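Have the viewer open while you read.

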Amino acid sequence: NGWRLIERLARRNEFTRRMPGTSRSVPQVMAVNLDLVIIVASVKAPRTSTGLIDRLLVTAALGDVPAMLVINKTDLTTAEKLSELEELYRNAVENVLFTNAVTGANLEPLGDIISGKTVLLAGPSGTGKSTIANYIDPNLDIKVGEISKATGKGKHTTTTAELHAVQGGGWLTDTPGLRECG
């Protein structure tokens, strides 16, 4: 396969969650040695609960990983709702960014934020993580899917966490959608 282990680096931080489907506190390591976790959420189609956003932020903090919040699909909600979210999270993260990944609105800052860093995209299915990754580097060509008409939720188009080298420097991990984070 051409891959080989060259060096094992010390673990300086980690982003983990409780293994889904278990009642015990078995950790599932999603990524280590991160410079940033970007939590991608949406207000509608699908709606991301503030409880899940809170748990993802706590997970990042417990793993000693800096976090930012991207609220995507801004065209599907009101300015008032976006203002409420900004007020709610302005002290919890260094940066709250409002985007529309389909149109590319306000995604330009992400390229600069990610440049030269190792970054994890985390959040529920259907919030636009893969679309955002493709915007940052179109050469990634990560498969994206539609929201289920039956459930109104994402369809788990991304099935494994994969580390991608980003044009211009840095690394980006796109993850499968998280339904839970304990």
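This is a predicted model: local features need pLDDT of at least 70, side-chain atom pairs count only at pLDDT 80 or more; totals for chains, interfaces and linings use all residues.

Helix α4 spans residues 129–136, and isoleucine 136 belongs to it. Is that isoleucine buried or exposed? Isoleucine 136 has a relative accessible area of 16%, and the cut-off for buried is under 20%, so isoleucine 136 counts as buried. Setting aside neighbours within four places in sequence, isoleucine 136 touches Leu110, Ile114, Val166 and Leu172. Glutamine 167 is another residue to check: it sits 31 residues from isoleucine 136 in sequence, but the C-alpha to C-alpha separation is 8.5 Å.

## The sheet itself

Six strands make up an open sheet with mixed pairing, and the order is β5-β4-β3-β6-β8-β7. The edges belong to β5 and β7 (162–165); each has a single partner strand, so one side of each has no neighbour in the sheet. On average, neighbouring strands are turned by 25° against each other, ignoring direction.

As a reminder, strands of a sheet pair through backbone hydrogen bonds, either parallel or antiparallel. Here β7 and β8 (residues 171–174) run antiparallel and are joined by four bridges. Leucine 163 stands opposite threonine 173 in β8.

## Strand β6, well wrapped

Now for β6. Five of the five residues in this strand are buried, so β6 is largely enclosed by the rest of the structure. In a regular strand, side chains alternate between the two faces of the sheet. For β6, Thr118, Leu120 and Ala122 are on one side, Val119 and Leu121 are on the other, and both faces are covered.

What does β6 pair with? One partner is β3, in the parallel sense over four bridges, with isoleucine 38 opposite leucine 121 in β6. Another is β8, also parallel and joined by four bridges; there, threonine 118 stands opposite tryptophan 171 in β8.

## Helix α2 and its two sides

Helix α2 covers residues 79–89, and its buried residues are Leu82, Leu85 and Tyr89. Viewed down the axis of α2, these fall within an arc of 60°, so they line one face of the helix.

The buried residues of α2 pack against α1 (50–62), β4 (67–72) and β5 (96–98). On the face turned away from that buried side, you'll find the exposed residues Ala79 and Glu80.

Strands β2 (27–32), β7 and β8 each supply at least two residues of the lining.

## The whole chain

Zooming out, the protein chain has four helices and eight strands. Along the sequence they follow the pattern β-β-β-α-β-α-β-α-β-α-β-β. The chain has 182 residues, of which 46% count as buried. Among contacts between residues at least 6 apart in sequence, 65% join residues at least 24 apart.

Definitions and conventions. Residues are numbered from 1 along each chain as its sequence is written. Side-chain values use heavy atoms; hydrogens and water are left out. Buried means under 20% relative accessible area, exposed over 50%, partly exposed in between (1.4 Å probe, protein chains only). The arc is that of the directions from the helix axis to the C-beta atoms. Contact means heavy atoms within 4.5 Å. Two strands pair if DSSP finds at least two bridges between them. Axes are lines fitted to C-alpha atoms, for helices over the stretch in contact, and angles run from 0 to 180 degrees between N-to-C directions.
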